[in-house]
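Open the structure in your viewer and keep the selection tool at hand. We will walk through it stop by stop, with something to select at each one.

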Amino acid sequence: MTNEQYLITSYFASAVISIALGTLVYFYLRRSFGEIAETASGRQFPAILKKLFPFGLVFPALMGFISVSYSSCNHETYEKIVQNREYLVEKNQEQLSSTLLSLLIAILVWNLVLVLVQKYAPNGGKRP
């Protein structure tokens, strides 16, 4: 496999992995998130939270992936970037690392939302 083929393949593989990670985290947390979201006041607010939750996990994962740039401070050309396989592997690792960090931040933000929902829920967040 040439470096150019590796670049293209690994780039799309990293994108798929990023989206898959966001989706897996969503499927893992959706039930517990939905139960807590149901304690929110109002009729529409729990439904809105549940509909935004998958987007709020997959989108940050994808943005973490996209945030990694292949160009360096020297503004290297495409040919120079493709010549260095170690650089390409390093960028793939950076993409996945950035994806995981973005997912972690998204989970923390959703936790903050749920804490606020619990705080302002009627009956202290307990179901009748």
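Start by selecting helix α2 (residues 44-66) together with α4: their axes come within 6 Å and cross at roughly 160°. Here, axes are lines fitted to C-alpha atoms, for helices over the stretch in contact, and angles run from 0 to 180 degrees between N-to-C directions. Helices are DSSP runs of H or I with at least four residues, strands are runs of E with at least two, and both are numbered from the N terminus. The two helices α2 and α4 are therefore roughly antiparallel; angles over 145 degrees count as roughly antiparallel, under 35 as roughly parallel, 65 to 115 as roughly perpendicular and the rest as oblique.

A word on what you are viewing: this is a predicted model, where local features need pLDDT of at least 70, side-chain atom pairs count only at pLDDT 80 or more, and totals for chains, interfaces and linings use all residues. Residues are numbered from 1 along each chain as its sequence is written, and side-chain values use heavy atoms, with hydrogens and water left out.

Stay with the pair and show side chains. Which residues of α2 meet α4? Among them are F45, L49, F53, P60 and G64, and the α4 side includes S102, L103, W110 and V117; contact means heavy atoms within 4.5 Å. The residues of this contact of α2 with α4 divide into 14 nonpolar, six polar and no charged. In this count Ala, Val, Leu, Ile, Met, Phe, Trp, Tyr, Cys and Pro are nonpolar, Asp, Glu, Lys and Arg are charged, and the others, Gly among them, are polar.

Next, select S102, which lies in helix α4. Is S102 buried or exposed? S102 is buried, with a relative accessible area of 18%, since buried means under 20% relative accessible area, exposed over 50% and partly exposed in between (1.4 Å probe, protein chains only). Leaving aside residues up to four places away in sequence, S102 touches P60 and G64.

Within α1, pick out G22. At 0% relative accessibility, G22 counts as buried. Which residues does G22 touch? Not counting residues up to four places away in sequence, G22 touches L57, V58, A61 and L103. For a contrasting view, draw a line from G22 to S71: the two are 49 residues apart along the chain, and 26 Å separates their C-alpha atoms.

Finally, zoom out to the whole chain. The chain has four helices and zero strands, and along the sequence the pattern reads α-α-α-α. The C-alpha atoms fill a box of roughly 65 × 25 × 20 Å, taken along the principal axes. Of the 128 residues, 33% count as buried.
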